[in-house]
Structure formats: C-alpha cells, structure tokens
Amino acid sequence: MLKKILLANRGEIALRIMRAAREMNIPTVAVYSEADAAALHVLRADEAVLIGPPPATESYLCIDKLIAAAKQTGCDAVHPGYGFLAENADFAQAVVDAGLIFIGPSAEAIRLLGNKLGAREMMLEANVPIVPGGEVKSGDLEDFVELARAIGYPVIVKAASGGGGKGMRIVPAEEQLLESVEAARREAKSAFSDPTVYLEKYLERPRHIEFQVIADSFGNTVHLYERECSIQRRHQKIIEETPSTALTPELRQQMGQAAVAAAKAARYTSAGTVEFLFFEGHYYFLEVNTRIQVEHPITEMTTGIDLVKEQIRIASGEKLSFAQDDIHPRGHATECRIYAEDPAVGFLPSAGKIHYLNEPSVANLRIDSGIYSGCDVPIYYDPILSKVIAYGKDREESTERMILALRDYSILGIKSNVRFLIDCLSHPEYRNGNLFTGFIDQHLPEWSEPEIGENLPLALAGAVLAMSARQTTGAGTEVTAGAPVSLWETLGRWEL
Amino acid sequence: MDYQFVLNGEVVAVKAERLGDRLTLSLPTGNHVFDIVDLGNGEFLLRNDGKQHKVVAIKASNKVIVLMDCMTTTFDLMSSKDGDHFGADQGEHGDKSKVVAPMPGKVVKVLVEPGQMVEPKQKLLIVEAMKMENPLVAPFKAEIVKVNCTAGDLVDSDKILIELRQLT
C-alpha cells in the first residue's frame with residue numbers, strides 16, 4: 001500500500017482525496033500558493049508545503065516544484081485531482097521518472113486520449129460510434145468544403161489539441177465555412193501551438209451523458225454506469241445526475257459496453273470517464289477524461305464504491321475488488337456545483353472574503369467543500385467552492401432533497417449561484433427530465449435575482465440589527481457581532 | 001436611531017427603536033414591529049404577524065448583507081457626508097455611467113471606441129479573471145465618452161475602464 005500521498009491540487013478535490021487517504025491510514029501532504037496559506041486543504045492536511053506565488057503558472061502548474069515537494073516530504077505517490085496538471089502527460093511521466101507513483105492513468109494513455117483526432121480514430125477501430133466528421137489530411141480548404149457537404153450542415157470546426165471551447169466554431173452554412181476554418185486554425189495555433197482542426201456534424205440539442213470506467217493493471221475494466229451532465233453554462237457542467245432519464249436499459253447496456261471498449265482500446269488504468277453526446281436515441285463518442293471528475297460523487301452514492309480509494313488501491317498494484325456483475329446501482333443522485341459567481345451578470349466570477357457560511361445538514365446528503373466561514377476566495381483559480389450531492393430513492397426525491405439542501409446553503413460575502421441552481425431544479429422542463437446542453441440558454445436566459453418586494457422591512461430589520469450589534473473579543477479587537485469569528489482564523493494551523 | 005441604507009442606488013431611510021427583544025421600524029411606507037431572537041453569528045429569528053423568519057445579517061466594511069429565504073440583499077451604507085454614499089461612483093449599485101473592473105484581472109479585448117453608440121447589453125470589453133473571459137456590457141443605450149484601458153492592461157477591482165453617457 002502507498003505510504004504518503006502528495007495532493008497536487010487545492011480546494012474541495014484536495015480535501016476529497018485527503019479523506020479517502022485518511023480512511024486508509026495514509027498521511028497526505030498539501031501544497032499551496034501564497035494565496036492559499038489559510039485555505040482549508042492546507043489546514044486539514046498532515047503536512048503542507050508552500051510552492052510559490054499565487055498565479056497557478058508559478059505554483060500549482062509547476063511540475064518541478066510539485067515533485068520537489070513530494071521528495072522533500074517523503075511521499076511515494078502523487079494524486080493530481082482534476083484541472084491543473086491532471087491531464088498533462090508530461091506531469092504523469094515526470095512523476096514516474098522521479099521514482100514516484102502517479103495515481104491515475106499512464107502518461108501514454110493520457111497522451112493518446114488527449115489528441116482528439118487520435119482518440120476518434122482509436123474509437124472507430126474499437127467500434128465505438130463517433131460523431132460523423134473527420135480530418136482533412138491535405139489541409140486544403142476545397143477538401144473541407146467537400147467533407148462538410150458529405151456530413152451535412154450545420155458542422156462544427158474543432159481543434160485537434162483543443163479543449164474549453166477554444167478553436168471551436170459552429171458553421172451553419174457553406175458561406176461561413178472557410179472563414180471559420182481559418183479563424184479556428186489561428187485560435188488553435190495560439191492556444192495549443194497546433195493549428196490542426198477537424199470537422200464534426202453539429203448536433204443541435206444533444207444531451208451530455210458520460211460513463212464512469214475504472215480499470216486495474218491486470219486488464220480488468222468495469223463501468224459504473226452513467227451520469228447525465230446536460231445542465232451547463234459556459235460549456236461547464238453545473239448540475240449532474242444519475243441515472244439519466246434518457247436511457248433505456250438496452251441503451252444503457254450498449255453504452256456501458258462501448259465505454260469499456262473505449263477504455264480497453266487505450267489500455268486505460270485507474271478511474272476515467274468516457275463522454276458521449278446523445279441525440280435522438282443515438283450516442284456518439286466525444287472524449288475520454290483521463291482523471292477523477294468533479295461529478296464523481298453521484299456515482300459513489302448510487303454504486304457504493306469509493307472511486308478515490310479504488311484509484312489508490314489500483315495505483316498500489318491491487319486488482320479491482322469487484323467485477324461488472326457486482327455493480328448494481330440503486331436510487332438516484334444529483335450533484336450541484338456551488339460556484340463563486342453571479343448568474344445575473346453572465347456568471348461573472350466573484351472573489352473575496354466569505355463572511356458567513358452555513359452548509360446544510362440533511363439525511364442522505366453529502367457536501368464536498370473547500371471553504372469555511374472567514375476564508376478568502378482568491379481570484380487566481382477556478383471559482384468552484386463546494387459540491388452538494390443529494391441521494392434519494394428516485395429522481396423526484398433526490399431533486400426535492402437537493403432543493404431543500406440548497407435553501408439551507410447560506411453563504412454571504414461573495415456572490416454564489418445557489419439561488420440560480422434552485423430555479424434550474426424547479427423548472428418544469430427539468431422536472432420532466434427534458435434536458436439538453438442548451439437548457440440554460442433556452443429556459444433561463446435572462447435570469448436575475450428575485451426582487452426583495454414585500455420582504456423589504458424584514459431585510460431592513462436585519463440590516464439594523466447588524467449595524468447596531470457590536471462586541472469586543474477577548475483579544476481586544478473590535479468586531480461586528482454579525483461577522484463570525486472563524487475557528488480556523490483564531491486557531492491557525494491545526495493538528496489532526 | 002436613524003439609518004440610511006442605499007439599495008440599488010436609492011436611499012432608504014429607516015427610524016429604528018429597540019426595546020428589549022422588540023424592534024420597531026418606521027419606514028416611509030409604515031411601521032413594522034418585530035420580536036427578535038439573536039441566535040449569534042449574525043443569525044436572527046424575526047417574528048412578525050405570527051410568522052417567523054430566519055435572517056442572516058453581516059456588516060462588512062461599507063455594506064450590510066442580508067440573507068433571507070435564499071435571497072441576498074446588499075445595502076450600501078451612507079457615509080458621514082450628507083447625500084453622499086460610499087461606492088457612489090463605482091460598484092454595481094452606484095453610477096452606472098462608469099464601467100468598472102468587477103475584480104482584479106486582465107483586459108483581453110476592448111470592443112468599443114470613444115464616440116461610438118452602444119445598445120443595452122452590448123459587449124464593451126472583455127476582462128479575464130479566475131480562468132474565464134468575462135464580457136462587460138453596456139447597462140443602457142449610451143455613447144462612449146472615454147476608454148481608459150487597452151488590451152493587455154492589468155486592472156484592479158473598481159478601476160473605471162469606460163465612461164458612458166446615457167442616451168434616452
């Protein structure tokens with residue numbers, strides 16, 4: 001078994017991995033930038049190493065600093081979490097070259113699956129359905145026109161090395177094709193130093209449905225069923241659930257088998273996610289995420305399997321402790337991502353101090369959180385704060401439980417998307433299960449915070465109480481009674 | 001005690017009297033009486049007309065933030081100078097003819113120039129922060145009076161980036 005794990009990440013996912021390790025009696029080492037000295041993942045870890053200034057390029061993205069921190073503290077393994085270097089093949093290789101264990105797939109599998117065109121070809125060979133389209137080997141614009149005609153408009157131009165919507169262009173008709181190909185090439189070149197682009201049929205109202213897979217180093221690959229992640233803003237998921245309302249048992253079985261075939265084709269190990277677009281009863285391979293996903297907890301809720309603990313076991317050379325036939329998902333799980341952002345102004349991120357936090361406590365509810373009352377949300381990183389995961393016997397119960405939990409999720413000092421999430425979950429089309437990736441743009445396009453209206457006197461009473469109440473702490477510093485004194489702030493670092 | 005709060009750019013005057021656990025507010029629209037239970041940590045239970053409401057209220061520098069029934073209301077505070085309040089010429093509840101950086105970040109692109117007419121919600125410039133590109137849009141139909149930044153500038157929060165003149 002592993003002896004000590006370096007957490008090459010921050011926030012809620014670093015804490016999530018820490019909990020899994022702690023249950024297995026494995027100590028953990030946090031790393032942090034100067035902006036994160038009082039972050040929860042640092043306070044909770046067994047040890048913590050400062051790795052640089054706030055910008056991620058000078059801290060969380062520095063391969064040499066992370067490896068030095070692992071060596072210095074006597075770690076034998078590194079967990080990358082998600083984001084930052086999680087899908088960077090060079091990092092995975094550097095960890096192995098330093099004599100450490102990378103808790104994730106091989107550098108080779110990350111590299112193979114990271115190239116979208118390469119992944120498409122691999123899936124074609126493995127008989128996994130892909131979106132109609134492909135590469136134009138000659139690079140001639142004439143050939144792009146011909147290919148686009150063959151697959152039919154609208155088409156989408158994508159960057160081979162792309163991600164995050166960069167180098168992507170939707171082309172409604174032939175007039176815009178050449179211009180879009182050229183613009184996408186320019187964008188792809190500047191963002192990924194690779195101008196290669198390819199064409200795909202553009203699906204107009206698809207669902208995003210993904211399958212969790214997990215594989216050991218002995219050739220055992222199992223899928224842990226699907227997650228529906230169609231509720232997105234800025235191409236980023238905000239609500240995920242399992243099971244999906246769109247799949248029949250037959251489709252579910254077929255897609256699960258396709259996901260296993262996809263993982264096997266890349267000789268994949270550890271936990272990974274095979275993403276599909278689902279449209280009019282057909283599914284198409286999109287890509288493989290070679291890491292633990294933000295939304296992994298919903299799968300854990302319905303299957304009872306701790307994915308991070310399994311990753312650790314696989315990394316230490318153990319066989320999977322279950323076979324496909326052992327997996328029987330039960331009930332329904334929903335996850336909402338709590339972001340520091342303002343949904344009323346284009347989901348603009350909101351950094352600052354959290355003056356008050358009260359997270360709900362409800363039966364069959366899980367909260368993976370990286371924040372506390374009094375902590376700062378720095379401007380430098382992804383604005384995810386925490387995740388709320390609600391389990392229920394069916395979709396109705398899971399959704400109702402989530403709404404109840406969100407109504408009790410109180411956060412003051414920065415803007416959050418809590419109220420927006422409640423409105424999404426309460427929308428009749430959400431309740432009917434009619435989801436697609438454009439759901440928010442279609443159903444909640446001009447969302448704004450409800451007006452205070454007749455509750456104004458109550459809010460003013462609250463304001464008066466906050467203004468008039470003052471108290472003095474033992475140390476003699478005056479604080480407003482309304483501003484809670486955080487345990488963490490007063491204790492400093494805590495030994496657990 | 002008299003209080004003056006600013007909500008969405010408008011001043012709300014409140015006269016408050018507290019007697020034990022009873023708070024009486026006199027507003028221009030009428031009087032309201034609340035029985036208060038102070039739950040600590042900024043949490044209060046307010047009873048009024050046989051109903052009870054949990055309210056969280058925090059004073060943070062020049063603002064009071066109140067959370068009630070999943071709704072957040074931010075009141076700006078009047079400064080000591082008459083008729084003036086903090087954040088009058090900056091921030092979301094202030095003068096909307098000045099477009100300010102909502103947070104420290106980098107100007108990625110400026111999409112308008114002085115003299116140009118813009119429609120409500122038209123994108124004026126793009127600021128990158130927290131790994132994302134955030135468009136700042138015109139609050140109303142306006143003429144661009146001044147552009148105080150160029151692409152590549154690092155800007156602090158509340159820096160005035162663009163000045164507008166509202167057109168009716």
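**A buried charged pair**

Guide: The side chains of A:Glu295 and A:Lys237 are joined by a polar contact of 2.9 Å (a pair of N or O atoms within 3.5 Å; within protein, one must be able to donate a hydrogen and the other to accept it, and residues adjacent in sequence count only if both atoms are side-chain atoms). This is a predicted model, in which local features need pLDDT of at least 70 and side-chain atom pairs count only at pLDDT 80 or more, while totals for chains, interfaces and linings use all residues. Residues are numbered from 1 along each chain as its sequence is written, chains are lettered from A and ligands numbered from 1 in the order in which they are written, and side-chain values use heavy atoms, with hydrogens and water left out.

Visitor: Is A:Glu295 buried or exposed?

Guide: A:Glu295 is found in the loop between strand S14 (282-289) and helix H10 (296-303) of chain A; helices (H or I, at least four residues) and strands (E, at least two) are DSSP runs, numbered from the N terminus. Buried means under 20% relative accessible area, exposed over 50%, and partly exposed in between (1.4 Å probe, protein chains only). Because its relative accessible area is 1%, A:Glu295 is buried.

Visitor: How many residues apart in sequence are the parts that A:Glu295 and A:Lys237 tie together?

Guide: A:Glu295 forms a salt bridge with A:Lys237, that is, a side-chain nitrogen of Lys or Arg within 4 Å of a carboxyl oxygen of Asp or Glu. A:Glu295 lies in the loop between S14 and H10 of chain A and A:Lys237 in strand S12 (residues 236-242) of chain A, so the parts that the pair ties together are separated in sequence by 58 residues.

Visitor: Which residues does A:Arg111 touch, not counting residues up to four places away in sequence?

Guide: A:Arg111 belongs to helix H5 (residues 107-114) of chain A. With a relative accessible area of 46%, A:Arg111 is partly exposed. Contact means heavy atoms within 4.5 Å, and, not counting residues up to four places away in sequence, A:Arg111 touches A:Ala89 and A:Asp90.

Visitor: What is the area buried between chain B and chain A?

Guide: The contact takes 49 residues from chain B and 48 residues from chain A. Buried area is the accessible area (1.4 Å probe) that two parts lose on being put together, summed over both. Carbon and sulfur atoms give 73% of the area between chain B and chain A, which is about 4300 Å².

Visitor: How many salt bridges does the rule find across the interface of chain B and chain A?

Guide: A salt bridge (3.6 Å, N to O) is where the side chains of A:Glu446 and B:Lys121 meet. Over all chains, the structure holds 40 salt bridges. Across the interface of chain B and chain A, the number found by the rule is two.
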